[in-house]
Amino acid sequence: MNDVTLPDGERVPALGMGTWNMGEDPAARAEEIATLRLGLDLGLRLIDTAEMYGEGLSESLIGEAIAGRRDEVFLVSKVYPHNASRRGVAAACERSLRRLGTDRIDLYLLHWRGSIPLEETVQGLQALQREGKIRHYGVSNLDLSDMRALWSIPGGTQVATNQLLYNLSRRGIEWDLLPWLRERHVPVMAYSPIEQARLLRHPGLVQFAREAGMTPAQVALAWLLARDGVIAIPKTGNRQRLRENVGALAHTLTPGQLAALDVLFPPPRGPRPLEML
Ligand code: NAP
């Protein structure tokens, strides 16, 4: 498994599992749990969730899936911006811990920037870290000016990731945010890495994949895995599609293939507002 080094030196897998919309359909539950367990068997140790996903249903499903296997998992969850006050983040974290059936979250993120000052959120996250309830903290959907603001406050430079929308069809962060984070050794966690499956119908990608002997999802994931300091967290609740996605690890795109993908999905030619889903 390729891995990515967090700022404090801890290594995490470069391919993890997203869980948005999981746990919401009782008919899908058994397959979703089996998929998460298979993912752990195949080395996808990093699981991403949020209190927002199904208002806790995703976290509860994960709690069931990882019961008895907690130590194998690097658990990522997120706090709503409106809960990210000093006291609010502590209460939200307790609720997430209870649903996840664990005593600690490995990486706890501010889901997006809201109206509560970043200073207060960071203080709340640091308090949780001192208590051992979270091991690392980070952010999501913060643009370059937000990151600069974060860098100017105590504890702001300790963030372990910025989780961002990043895939072949969403390359805007390559202009300035991604290089800024790289210079500071902050990994990017790429969410919606296959653009919620919409990318898979792109005719150019379909043809490229056929010629490369891969599936479109594998190309999209292999492209992200080829980038330094990027963790991809595709979501699937299906074991067959999980195996397909894990298959991306068996392919290293050549410089020629990466150049061909740059033609199909051009990098940005100037600054763009941060996109999010
Ligand atoms: P995604 O991973 O790009 O795509 C997920 C969709 O693609 C699901 O509908 C899934 O359906 C389907 N899929 C997965 N593998 C497939 C394959 N090989 N072939 C065909 N279809 C496939 O989108 P995402 O869920 O938005 O993003 C991934 C994770 O990032 C989320 O689950 C969440 O954990 C995180 N996220 C974070 C934010 C944020 O604001 N921080 C925002 C969005 C997402 P099946 O399940 O039926 O396979």
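The legends below describe close-up views of helix pairs and of the ligand surroundings in a predicted model. In this model, local features need pLDDT of at least 70 and side-chain atom pairs count only at pLDDT 80 or more, while totals for chains, interfaces and linings use all residues. Residues are numbered from 1 along each chain as its sequence is written, and side-chain values use heavy atoms, with hydrogens and water left out.

**View 1. Helices α7 and α10 pack at an angle of about 165°.** Helix α7 covers residues 203-212 and helix α10 covers residues 255-264, and their axes (lines fitted to C-alpha atoms over the stretch in contact, with angles from 0 to 180 degrees between N-to-C directions) are 10 Å apart. Helices here are DSSP runs of H or I with at least four residues, numbered from the N terminus. The two are therefore roughly antiparallel to each other, a term for angles over 145 degrees. On the α7 side the contact (heavy atoms within 4.5 Å) is made by G204, L205, F208 and A212, and on the α10 side by Q257, A260, L261 and L264. These residues divide into 6 nonpolar, 2 polar and no charged, where Ala, Val, Leu, Ile, Met, Phe, Trp, Tyr, Cys and Pro count as nonpolar, Asp, Glu, Lys and Arg as charged, and the others, Gly among them, as polar.

**View 2. Helices α1 and α9 pack at an angle of about 25°.** The axes of α1 (residues 29-41) and α9 (residues 239-246) are 9 Å apart, and the two helices are therefore roughly parallel to each other, as angles under 35 degrees are called. Residues E31, A34, T35, L38 and G39 of α1 meet R239, L242 and R243 of α9, and this contact divides into 3 nonpolar, 2 polar and 3 charged residues.

**View 3. The axes of helices α2 and α3 cross at roughly 40°.** Helix α2 spans residues 57-65 and helix α3 residues 86-100, and their axes come within 7 Å. From α2, the residues E59, S60, I62 and G63 meet S96, R99 and L100 from α3, and the contact holds 2 nonpolar, 3 polar and 2 charged residues.

**View 4. The ligand is surrounded by 27 residues.** A polar side-chain atom of Q196 lies 2.8 Å from an oxygen atom of the ligand, and a backbone N or O atom of T19 lies 3.1 Å from a ligand oxygen atom.

Notes: Parallel < 35°, antiparallel > 145°, perpendicular 65-115°, else oblique. Near = heavy atom within 4 Å. Polar contact = N/O pair within 3.5 Å; in protein donor to acceptor, adjacent residues only side chain to side chain.
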